[in-house]
Amino acid sequence: MKNRSAGDILLNTYAWCCALILTSAVLIIAGYLVFHGFSTLNLDLIFAHTPVLEALLLKKQVFGGLLPAIAGTLALIFLSISFALPVGIAAGVFLAEFALPGTRKILGLMFDIMASIPSIVVGLSGFAVTIFLHQHFFKQLYPCLLISALCLAFLVVPYIIRSTQIALESLPSQARLTAPGLGATRAQNLWYVLIPMAAKDIVGGVILAIGRSAEDTAVIMLTGAVATAGIPGSVFSGYEALPFFIYYTAAEYADAAELMKGYGAALILLFICGGLYAFAYWIKKKVR
Amino acid sequence: MKFVFNTTKHLAWLMACCFILVSSSPADGINTFTGEKGTLRISGGTAHIPVMKIAAQNVMGAHPDIQITIAGGGSGAGIKQVGEGLVQIGNSGRKASDAEIQKYGLSLYKWAIDGVGTVVHPENPVKALTSEQLQDIFAGRIDNWKALGGPDRAITVYTRDASSGTRSVFWKKALAKGAISPKAQFVASNGAMKTAVAKNPYAIGYMSVGYIDPSVAPISLDGVVPDLETVKSGKYKVSRGLYSNTKGPVTGLAEKFINYLLSPEGQKIVAKKGFVPVH
Amino acid sequence: MLENDRIPKLCLQIAAWGCAALTFGVLAFMAWLSIPVLKASNTVQILTQPWLPNQGQFGIGPMILGSLYISVLSLIIAGPVSFGGAIFIRITRPGIAGKIFQHLVEAMTAVPTVVYGFIGVFLIVPFIRETFLQGSGMCILSASIMLALVIAPTMILIFSQSISNVPREYTIAAEAMGATPAQTFFMIILPYAWKGILTGLILGFGRAVGDTLIALMISGNAIAFPGHILDSARTLTAHIALVTAADFDSMEFKTLFVCALTLYLLTCLGVFSARVIGKRQRSS
């Protein structure tokens, strides 16, 4: 039986107020976005005047539609995760399995810092490195898809490291004892037993990383995203991206139609990130 | 049969003439890009972007193997980037200085003439300013619209960053190199300036005359309204050329693109977008 | 896989130390590129002077103040609300409403910041402008409100975690002795969890300082020293974004590395403080 006093009533009222304030703020924002953007969600938003099949087969460029931006964002996600995944899992495995306590502390600190670096600092470093290389070594190198993907990989690697480390550390001790007891080496145990067991939790971190690559704007602004580029022809070319398009539209939309496209793009990006989050949530539920 | 023979001969001759006429399209039209492939990187002045975009779409639409990327950044950025070899064409809304031309070995190509006009929100009752009033507003000495006959609200001044050619022309010719208040809010391009002024009833800013549309209201400066006619006739003094710069004499895809801009087809795009064509 | 454990272990070591080296490398690179600027005029001058490149002054003082004002204000707005939200989830625990709220907060962490910025420009800015009848609406207050929405979910989750980390024995014991939930909260839970709450605040502050898009889109980017929450301001992060878009070779550009260095050091400060506080908690 719980006693209730004036203090309780005050505390609960305060808690309810805060919860309601936050919830209504979120609902207002979501409602505003959906209200303005829902009407623009159709194939025209993505393909504009180009026939869908020809655009997808890259026979014709799309002008005034979101396809180049969506393609750019997808390319970024794919490239950055390809770079970050092996490195992140390797580092996470090292931290969980092979590192001495002292090493673990130092590396843990470095990775904490890595996870907290403002994304614009990462972008500026990438840009500065590109200019430096361009001036001294590779005259052909410009801010491009590859540079952006590498910088994004740097940004998201800490998520993968952290989730790999936590996943491996929370495995039961039998997992480390059974296979070696039957003659397997540590490496074999790792590859055939531990990582598959930890896979579902690692996937959670990977999805977080994908979401981050999709939405980050500060890094790509400085390392290759431009307002007009069409579908990227190679990894060494400029490209468009959804978050950059949204930023750019908010700053300078030429007419109401372009503003509507901005709303549509914001909704699409929200759906992508929301979908990834829901997918991660579903996977976590399956583990239980 | 004589009649038929003559008709056939005339017909053949007619068809030959048509064929010759059709195949000799203007030397710098869209067909000169046939067989080209590769990437063309363009950046710099934001006033150029509407024309660049349409020209690029025409080229890319007809020749899918060509990719043209267009970025903004302002005239200063365009000049620097083309000088450093980061882009093939660097646009500038001001003539590159002698120091810049020497340092980077630039070649300049002017393909339009444009003005820089002062703009306010369409609902703003203030429609005319003298040079002195303009300088006072931008310096922050006049800070409320009521001093000019408008509503009793603070004036929000919008300005561009140091790289902007639009800004440097406006500062030199309209403000006579007067100060711009540090409280002025920054926007990164002509498009952003238009959006900012169109959304804020108490704003004042400056932008390319080609960008002016019904969402903003131009202010007449010393009695001259900035529009296409006054820029063309020279009556509106705050004008500048729109240049595309390259490092060294232009070659390859960039050359074709600049020639396209200077061709009748390109100049038509220039006129349509609200600038004064050079041809 | 080889019988020999050494080659795979070497690869893993290279991966881990490589990442750590890159992290340090960013700091070293920023510091190295800042040297020309810091040599040209001394450090204190750079950090406190105004930004007037036409007059040869490349101080980042206004930007440091802008970053601090916006971040602190967003913390002032988000802190109490997040605290109340965490109490709602853990203490008040109103059944299904609590669960829904928790899921909502977790889902909010997935929203891209650029979307918040976009909505801020079209919803908050006109609202602030017309409510206060001053300025353009693009000011510290508007940016702080949207930034508070960005940092609140993470803070709620950290606070809520700290509250639930209090050992059950303590709370059960207090209840058994007749304490009301509020008394339990103030006398048992808070004293135990305050360090976790402080950590949450520090992390929230770090997140606010490091954010670029919200300030870039909403705070107006004026270069004057900000004086009032309805003044336009420029943060270190927005400054980097604006100047890089337009430049890469001049003195103005080089001062960006000082901005980046400042941001990096502020970040490190946050990480260190959170760790120190956490350590004291674990040993207590």
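Two residues are said to be in contact if their C-beta atoms, placed from the backbone, lie within 7 Å. By that rule, in this predicted model, 67 residues of chain C are in contact with 70 residues of chain A. On the side of chain C that touches chain A, the largest share comes from helix H1 (residues 6-40) of chain C, which provides 15 residues. Sorted by class, the residues on this side of chain C comprise 47 nonpolar, 17 polar and 3 charged.

Chain A is also touched by chain B, where 21 residues of chain B are in contact with 19 residues of chain A. Several elements of chain B take part, for strand E1 (38-44), helix H2 (49-62), strand E2 (66-73) and helix H7 (190-199) of chain B each supply at least two residues of the side that touches chain A. The residues on this side of chain B divide into 8 nonpolar, 10 polar and 3 charged.

Within chain A, helix H6 (residues 119-136) and helix H7 (residues 145-169) pack at an angle of about 140 degrees, with their axes 10 Å apart. Because angles over 145 degrees would count as roughly antiparallel and those of 65 to 115 as roughly perpendicular, H6(A) and H7(A) are therefore oblique to each other. H6(A) passes H7(A) in a right-handed crossing. H6(A) contributes Ser119(A), Val122(A), Gly123(A), Gly126(A) and Thr130(A) to the contact, while H7(A) contributes Ile147(A), Leu150(A), Cys151(A), Phe154(A) and Leu155(A). By class, this contact of H6(A) with H7(A) has 6 nonpolar and 4 polar residues, and no charged ones.

Terms used: Residues are numbered from 1 along each chain as its sequence is written. Chains are lettered from A and ligands numbered from 1 in the order in which they are written. This is a predicted model: local features need pLDDT of at least 70, side-chain atom pairs count only at pLDDT 80 or more; totals for chains, interfaces and linings use all residues. Axes are lines fitted to C-alpha atoms, for helices over the stretch in contact, and angles run from 0 to 180 degrees between N-to-C directions. Helices (H or I, at least four residues) and strands (E, at least two) are DSSP runs, numbered from the N terminus. Angles under 35 degrees count as roughly parallel, over 145 as roughly antiparallel, 65 to 115 as roughly perpendicular and the rest as oblique. A crossing is left-handed if the near helix is turned anticlockwise from the far one by less than a right angle, and right-handed if clockwise. Ala, Val, Leu, Ile, Met, Phe, Trp, Tyr, Cys and Pro count as nonpolar, Asp, Glu, Lys and Arg as charged, and the others, Gly among them, as polar.
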